[in-house]
Amino acid sequence: MSLNELWFLLIAVLFIGFFFLEGYDFGVGMATRFVARNDLERRVLINTIGPFWDANEVWLITAGGAMFAAFPNWYATLFSGFYVPLVVMLLLLIARGTAFEFRAKVAHPKWGETWDWAIFIPSLLVPFLWGVVFSSLVYGLPIDSKMNMHGVFSSFVNPYTVLGGLLITLLCLYHGLVYLCLRTTDELRDRARALATKIFWLLAAAAIAFVVVTFFVTDLFARRGAWLYPIYVLDVLALVLSVLFLGKKHDGWAFGMNAGVILLTVSSLFIGLFPRVMISSIKSAYDLTVYNSASGPYSLGVMTIVAVTLLPFVLGYSIWSYTVFKKRVSKKEHLEY
Amino acid sequence: MDVLSLARFQYAATTIFHFFFVPLSIGLVLIISIMETMYVVKKNALYKEMAQFWGKLFLINFAIGVVTGILQEFQFGMNWSQYSRFMGDVFGAPLAIEALLAFFLESTFIGLWVFGWDRLSKGAHLTCIWLVTAGTSLSALWILTANSFMQHPVGFAIQHGRAVMTNFGALLANPQLWVEFPHTIFGSFATGAFVVAGISAIVLLKKKNIEFYKKSFKIGIIVGLISGILLAFCGHFQAQYLVQTQPMKMAASEGLWKDSGSPAAWTVIASINTTKHQNSGEIQIPYLLDYLSYGKFSGNVKGIDTLQKEYVAKYGKGNYIPPVKTTFWSFRIMAVMGGILCILGIVGAILLWRNKLVESKWFLRLMVAAIAVPYIGSTTGWLMTEIGRQPWTVFGYMQTAASVSPNVSAGELLFSIISFIAMYTILGAVMVYLFARVVKQGPALDNKETLQSDDPFDGEAYHVVTE
């Protein structure tokens, strides 16, 4: 494996980490409207992700930084090309991040209510936007010979990308609900489980529709069918197992299975792209690949050493922080947010 | 308005706003770490209350710093895609390392610190806050590694029309970094210190929770004094380095059109005419420019006109003169703010030492006003650094005009500028409101029986916990 390929893999890993970890944060954010019925219950939900959401968001920031360092052209084309969606996403992330910190600082219903919406709306829309971005990456975008993307509204927003957006949103919602089954008690837990079982059917429908449409509108299966068929078979299997475990109240297993769903779904998009990182709808010669968009071998080598040295520590203390806060959050205890 | 001006405006506006929060986060978390260390060492619960109270302010500030930081990272690709393509090989690495090494550290351990008071041992909890301190400072180190490269590019070669990293060690050993980082970090410590001292002064003026705020003030002013003095030294070294590497920025910050000759006098104030390339109404201090530039009392400092000719010969036709007035005045305001910090630090330490702080209302009022000083200082410092570098993004290699995204329209930029400014205005207002509110509520001070000071020299210790 060349360093270019290794860094493509690492960026895929960072995005998988982001969708896995921040995925349930988004899901919990959505659940504040669907599962919680009053302020206290909302507080319990938000406190289940309290110690983690900030670090989880760093997976996205690191993915952006790694993309900048390892594939400057990918970073430049993607970020300038998706200008307006990214502005919207940033505004949503800014509102959401500060809302966690602000909501409990003033004990006035209007104040809390406002920040609760600033948690809910971004938690719904940010995964949707990421779904749109990733599905338009595999769908192809108007990229010219100078690697600049001249996107118009319909380049981002079309039936396929909207379907991709819905899929990722539902996936995060389901993920968040299963997470809540692990982290809450009593009626909140029951409600989360009941809703997850319902959302499962929507998610399954969206997933199957997405795979079928992907088969027809992209070249993913034509190029990487040998990889993708088994991945999607496993994907469906993991999703079904997760809802079965959920029904049997094996919430840990259900969460694990759905982690597999996220891993497989995000991987399938990256595998389908490889060795391209962005597909030009104008001409395949203009595609950005892991080779023409990458940094030099020296820079990639330095970054590899740094990443290999640091990642074990990051994973180590992240896991430690989960063991510190493994206890379920209930209405009785001190709630920070 | 054209795309370039809009992109520059957005970058300036969002960066200045972001940098209101960064120095306070870096400085405040250091002070909180010191407070919690005192708690663990002295076992006095008052220090725990202090760490928790100032921690509340830290978290409000930190939240805004983090979310506005995401925009900073994305903005290079969004608005400056040509820059990102040309320099990403070198510039991207420190950014990625910043995320891996610093952001994960601070975000994970801040979570552990906030939610871990009852779940972690005292030692483990204390370690968490020190790791956050390390994380915020490391973050500054790596982002300044990237910035130093733009000021003084090292460790790379131009290949196939783009920069390629050839020596990572050189990036880290960049002398620019080692004058810029200490200057920034001590400025940040001073910011935290003056905010703590200033807010303590507000409450001390009302004679509430005297022991609590006096102790806070003490820690604040000591950190402020030490970092203020170190800040002045670092600034001096940075100026000397500037003459070597970016003489044009130095000349602009001095409003020096013609070569100074030797010995060189330092201009205190002047009315600058940028069209005629001359100044009027100058007040000068003899020899001082030589001292600032070379650390001795002789030597010639090159003027703007000479440098412009040299640059045309070296880089081809063009205007290489940065906005002189802005650079000149930002430098002076920054330096004055640094001076004020040092003086207030010394006076505060003396009053504290003579136990006259609480009675010295005039000084407490000054300290309240002085909350603004480090903010004005760091903002003008960055204005000088970044505007003085113009027209370059990477000095000598890439100009700002060539760095902007060619595929982003003025309309899109206008949309983003308006939305970010609206969003940031709300955030700024909310933060000020929340700060005022937290200060008004004051520390919890619930376990009053444990609030006995064990400092035998602290006379106030026994009569403050009654209210």
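1. Contact here means heavy atoms within 4.5 Å, and helices (H or I, at least four residues) and strands (E, at least two) are DSSP runs numbered from the N terminus. The model is predicted, with local features needing pLDDT of at least 70 and side-chain atom pairs counting only at pLDDT 80 or more, whereas totals for chains, interfaces and linings use all residues. Residues are numbered from 1 along each chain as its sequence is written, and chains are lettered from A in the order in which they are written.

2. On the interface as a whole, 67 residues of chain B are in contact with 70 residues of chain A. The buried area, that is, the accessible area (1.4 Å probe) that two parts lose on being put together, summed over both, is about 6100 Å², and carbon and sulfur atoms give 76% of it. In chain B, the residues that lose the most area to chain A are Arg85(B), Phe104(B) and Phe115(B), together 13% of what that side buries.

3. Between chain B and chain A the rule finds 0 salt bridges (a side-chain nitrogen of Lys or Arg within 4 Å of a carboxyl oxygen of Asp or Glu).

4. As for the helices, the axes of H5(A), residues 83-102, and H2(B) come within 9 Å and cross at roughly 170 degrees (axes are lines fitted to C-alpha atoms, for helices over the stretch in contact, and angles run from 0 to 180 degrees between N-to-C directions). That makes H5(A) roughly antiparallel to H2(B), a term used for angles over 145 degrees.

5. Among the residues that meet there are Leu86(A), Leu90(A) and Ile94(A) in H5(A) and Ile60(B), Ile64(B) and Val67(B) in H2(B).

How values were computed
Side-chain values use heavy atoms; hydrogens and water are left out. Angles under 35 degrees count as roughly parallel, over 145 as roughly antiparallel, 65 to 115 as roughly perpendicular and the rest as oblique.
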